[in-house]
Amino acid sequence: MPNPPHSAESPGHAAPNGAPVMHALHQTTLGGPEVLQLTELPRPAPGPGQILVAVHAAGLNPTDFKHRALRIFLPSPPLTLGWDVSGTVVEAGYGVTLFRPGDEVFGMLPYPHGAGSHAEYVTGPARAFAAKPAGIDHVQAAALPLAALTAWQALVDTAGLRAGQRVLIHAAAGGVGHLAVQIAKERGAHVTGTASAPKHDFLRELGADACIDHRSEDFTDTEERYDVVLDALGGQTATRSVQVLRPGGVLVSLLPGAEDTLATAEKAQVRAVTLLVEHDQAGMRAIAELVDRGRLRAHVSDTFPLAEGARAHVLGQTGRTTGKLVLTVR
């Protein structure tokens with residue numbers, strides 16, 4: 001017979017029938033931020049190989065804004081969004097050996113179908129999580145997973161970025177971008193970032209070697225040739241980025257490029273790929289190790305209580321946020 005799951009922490013409030021419940025930032029229809037409502041829902045229970053986490057903080061990402069408004073990867077509402085999470089293990093399901101109740105963890109729920117961290121509790125595969133670095137709080141930790149994993153999987157796993165190579169990072173002051181700058185510098189690369197001029201000092205503080213003002217400068221108007229381009233914008237930006245890659249270089253886009261991107265890349269003898277981030281414990285451990293060594297830190301521009309998640313969406317979808325926004329739960 002299986003051993004009973006390990007558990008900790010009181011179940012919190014309960015429904016009239018005694019079943020534990022929780023609050024979540026929930027929606028029953030697609031639409032603008034106003035569709036998000038703080039709703040009482042049944043508290044989930046961990047299945048085999050899963051852990052139940054009491055959420056202390058949960059990051060916001062552009063994908064949250066898009067999935068709130070559009071049917072992309074997820075089924076139609078009702079749904080609770082959120083992939084980033086930092087919190088405390090409450091219960092470990094059957095077969096889990098890596099974590100016990102009381103452990104502090106952070107991670108990214110399986111993207112895209114594992115959403116649900118914008119709530120007081122969430123379940124997910126144990127191996128989607130890693131131990132939270134002791135030197136940062138839950139807000140800092142919650143800002144990292146999806147964006148840092150995206151940057152790591154793009155630059156390290158996909159492009160194989162090496163010391164001495166030159167990399168161009170579009171939207172370098174954004175959620176993924178500002179972490180990618182730090183990861184690229186840690187790999188020993190020369191980093192150029194695009195951002196509006198007021199954000200250039202921020203990029204230099206992160207270690208960027210050169211900055212391009214996307215409002216007044218054309219990033220293709222240069223003799224510079226890069227080994228890697230990380231593109232968070234897609235469309236024609238992806239296609240035009242091929243022009244600044246040296247033969248054999250790699251373009252990693254986080255959004256689909258224009259129809260001619262692949263053909264343009266093939267003609268220029270460069271590799272062009274579109275990355276969809278995956279949950280990855282090895283990547284999370286690598287990120288935690290960078291944090292522990294003081295080589296990686298998320299910039300949190302603002303926090304919002306879970307009940308005010310709609311306000312966070314209003315701010316985030318402007319696309320002008322530096323770094324990350326985080327929802328605080330505990």
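These are my notebook entries on a predicted protein model.

**Entry 1: confidence.** The average pLDDT for the protein is 95, and 95% of the residues reach at least 70.

**Entry 2: helix 4.** Next I picked out helix 4, which runs over residues 175–186 and has 12 residues. I looked up its span from the first C-alpha to the last: 18 Å, close to the expected 16 Å. Is this helix mostly covered or mostly uncovered? I found it mostly covered, with 10 of its 12 residues buried. Among the buried ones are H178, L179, V181, Q182 and I183. Just past the end of helix 4, I noted that G188 has a positive phi of about 90 degrees.

**Entry 3: the cores.** Then I turned to the inside of the protein. In soluble globular proteins, nonpolar side chains tend to be buried together. Here the largest nonpolar core holds 74 residues. Which of them touch the most other members? My list reads I51, F129, L144, L155, V167, L203 and L230. Helix 3 (residues 145–158) gives this core its largest share, 9 residues. I also found another core lying apart from it, with 13 residues, including L168, Y226, A238 and A265.

**Entry 4: a look at L203.** I finished with one member of that list. Setting aside neighbours within four places in sequence, I found L203 in contact with A172, A173, G193, A195, A208 and C211.

Technical notes:
Residues are numbered from 1 along each chain as its sequence is written. This is a predicted model: local features need pLDDT of at least 70, side-chain atom pairs count only at pLDDT 80 or more; totals for chains, interfaces and linings use all residues. Side-chain values use heavy atoms; hydrogens and water are left out. pLDDT is the predictor's confidence in each residue, from 0 to 100. Helices (H or I, at least four residues) and strands (E, at least two) are DSSP runs, numbered from the N terminus. The expected span of a helix is 1.5 Å times one less than its number of residues. Buried means under 20% relative accessible area, exposed over 50%, partly exposed in between (1.4 Å probe, protein chains only). A nonpolar core is a set of buried Ala, Val, Leu, Ile, Met, Phe, Trp, Tyr and Cys residues joined through side-chain atoms within 4.5 Å. Contact means heavy atoms within 4.5 Å.
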